[in-house]
Amino acid sequence: MTLLAGSPAQAQAALKPYDGQDPYRSGCGNSARVVKTAKIKSRVHGELGTIKLMWSGRCQTNWTEIKTASSARGTINIYTADGRHNRFSFRAGNGGRHWGDMLWAKDMCAWGSVSIQWNGGNGGQNAQGTTGKACR
């Protein structure tokens, strides 16, 4: 008798089928709710937007969404307590609304962060934001 087994990475991927996927293309965003919110702030320019940690109960996933100036570009991050991380870079446009990809986060804490810049980031033209941890 031969036993065929996949690699540990394949087994891990099977347990977390939505990792790295777009929440709206997958349909997970249709059942989402905001679980944590924070401000995106610049030391020089003050408040420049909002960062939200989203949760889909149907898909058991979290992701990070932001609303900021249309001219901003940057990086959106999502983190889970088991050490996974997803980084998503965005360009200016889309009316300043951007989101990163999902990470499965059933029964664990997750949080998000964003770093933005505009006009090349010179002269304090950058800002950051981090949500609090949400634990399920």
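Which strands each supply at least two residues of the lining of the largest pocket? Strand 5 (85-90) and strand 6 (97-99) do. Keep in mind that this is a predicted model.

## Overall fold

Start with the chain as a whole. There's one helix in the secondary structure, along with ten strands.

The chain has 136 residues, and 41% of them are buried. If you take the contacts with a separation of 6 or more, 58% are between residues 24 or more positions apart.

## The largest pocket

Back to the pocket from the opening question. The largest pocket holds about 190 Å³ of space. Its lining includes Phe88, Ser89 and Phe90, plus Arg97, His98 and Trp99. Asp22, Arg25, Arg91 and Asn94 line the pocket too.

## Lysine 16

Now for a residue with a curious setting. Lysine 16 sits in the loop that links helix 1 (8-15) to strand 1 (32-42). Leaving out residues up to four places away in sequence, lysine 16 touches Asp82, Arg84 and Trp104.

What is the nearest side chain of opposite charge to lysine 16, and how many Å away is it? That would be aspartate 82, 4.6 Å away. A salt bridge needs a side-chain nitrogen of Lys or Arg within 4 Å of a carboxyl oxygen of Asp or Glu, and lysine 16 has none, even though it is buried.

Key:
Residues numbered from 1 in each chain as written. Predicted model: local features only at pLDDT ≥ 70, side-chain atom pairs only at ≥ 80, totals over all residues. Heavy atoms only, no water. Helix = DSSP H or I, 4+ residues; strand = E, 2+ residues; numbered from the N terminus. Buried < 20%, exposed > 50% of the residue type's maximum accessible area, 1.4 Å probe, protein only. Lys, Arg positive; Asp, Glu negative; His and termini not counted. Contact = heavy atoms within 4.5 Å. 1 Å grid on protein atoms, 1.4 Å probe; cavity = no way out; pocket = protein on both sides within 12 Å on 5 of 7 lines; lining within 4 Å. Points joined across faces, edges and corners; volume = space filled by probe spheres on them.
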